[in-house]
Structure formats: C-alpha cells, structure tokens
Amino acid sequence: MKKTYHGSCQCQAVRFSANLDLAPERERSTPARPGVWWTSTFRCNCSFCLKTRFWKVFVTPEDFSLLSGEEALTEYRFGERSIRHVFCRHCGVHPFASADFEMLGGPFHAVNIACLDDATDEELANAPIIYEDGRVDAWDRPPAVTSFL
C-alpha cells in the first residue's frame with residue numbers, strides 16, 4: 001500500500017516527500033506503471049550504488065516532491081550521463097536520483113531508502129528487494145553473489 005514518506009540528507013538541508021509502496025510483495029498496491037521497476041526496491045552492485053550504498057525505490061514525478069534544499073543539491077553524472085545523481089553539497093548524502101527512460105515509462109525519481117526519515121525498521125526489513133548486477137550492466141538479473149549488498 002502506498003504511503004507518504006518524508007526524507008532528507010544527513011544535515012537536513014535537503015528535504016523531500018514521496019508516495020512509496022514498501023509493503024511486502026503480496027500486500028503491495030497496483031504498480032504505477034508497467035514493469036518490474038514499480039514492484040520492489042532495488043540493490044545494485046554498480047560502482048555508484050555499491051560505494052554510496054544506494055538502495056532505491058522508483059517513483060513517478062507525481063509521487064515525489066522536493067520540499068526544500070534545491071540550492072544545496074549538486075549534480076553528478078557518470079557513464080552515459082543519463083541519470084542525474086544529486087547529493088547535498090553540505091553533508092554529501094545522495095537522497096535521490098532522476099532520469100527519463102522509455103523502458104521505465106518516462107521520467108522517474110529513484111529515492112534512496114536510507115534517506116527516509118519516517119520508514120520504520122519493520123517496513124525496511126519487509127520491503128521486497130530485487131538485486132541488480134549493474135557491475136556488468138545487467139540490471140535484469142542478480143549478481144552471482146549478493147551477500148555483499
């Protein structure tokens with residue numbers, strides 16, 4: 001079931017809200033768009049996600065609001081430069097990313113679940129996770145070993 005969560009960077013300069021579904025698989029609401037990206041949370045082993053511990057959930061622009069701190073955000077793009085990774089210029093935390101991919105149905109935000117201020121430990125523990133092998137550009141399958149994620 002979708003619920004409005006609030007999040008921030010560590011110093012609280014950047015604040016956002018997002019309507020997310022962190023419920024276990026059998027309790028989830030109808031996905032926002034077609035595709036697996038709207039049915040789970042994701043942990044990836046690409047260099048960015050692994051080094052920043054970016055555990056993400058995808059949301060549509062309609063389900064995301066930057067409440068404050070736009071001026072504190074700094075952008076980082078790498079590889080094909082198609083994903084806008086942002087981080088707080090004060091504390092360095094990466095609260096979310098955004099992009100526009102046709103295969104995901106258009107524009108989206110990838111919210112860093114670690115930045116949610118009001119998600120309970122139980123909600124995080126029960127959230128479904130799909131592992132992605134981004135290290136070899138294979139986001140459609142898990143890596144051979146997932147214990148390091």
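The model is a predicted one, in which local features need pLDDT of at least 70 and side-chain atom pairs count only at pLDDT 80 or more, while totals for chains, interfaces and linings use all residues. Residues are numbered from 1 along each chain as its sequence is written, and side-chain values use heavy atoms, with hydrogens and water left out. Side chains of opposite charge can pair when their charged atoms come close.

One of these salt bridges joins the side chains of Glu-123 and Lys-3, with a distance of 3.0 Å from N to O. This pair connects distant parts of the chain, since Glu-123 belongs to helix 2 (residues 121-126) and Lys-3 to strand 1 (residues 3-8), and the two are 120 residues apart. Helices (H or I, at least four residues) and strands (E, at least two) are here DSSP runs, numbered from the N terminus. For the surroundings of each side chain, buried stands for under 20% relative accessible area, exposed for over 50%, and partly exposed for what lies in between, using a 1.4 Å probe and protein chains only. On that scale Glu-123 is buried, at 19% relative accessible area, whereas Lys-3 is partly exposed, at 36%.

Another salt bridge is formed by Arg-28 and Asp-21, whose closest N and O atoms are 3.9 Å apart, and here both Arg-28 and Asp-21 are buried. In the salt bridge between Glu-75 and Arg-77, the closest N and O atoms lie 2.5 Å apart; Glu-75 is partly exposed, with a relative accessible area of 39%, and Arg-77 is partly exposed as well, at 28%. Glu-75 and Arg-77 also belong, together with Arg-84, to a network of salt bridges.

Turning to the cysteines, how many disulfides does the model contain? The count comes to 0 disulfides, a disulfide being a pair of cysteine sulfur atoms within 2.5 Å. The sulfur of Cys-88 has its closest cysteine sulfur in Cys-11, at 3.7 Å, and this is too far for a bond. Cys-91 likewise takes part in no disulfide, the nearest cysteine sulfur being that of Cys-9, 3.8 Å away. As for accessibility, Cys-88 is buried, at 1% relative accessibility, while Cys-91 counts as partly exposed, at 28%.

How values were computed
Salt bridge = Lys/Arg side-chain N within 4 Å of Asp/Glu carboxyl O.
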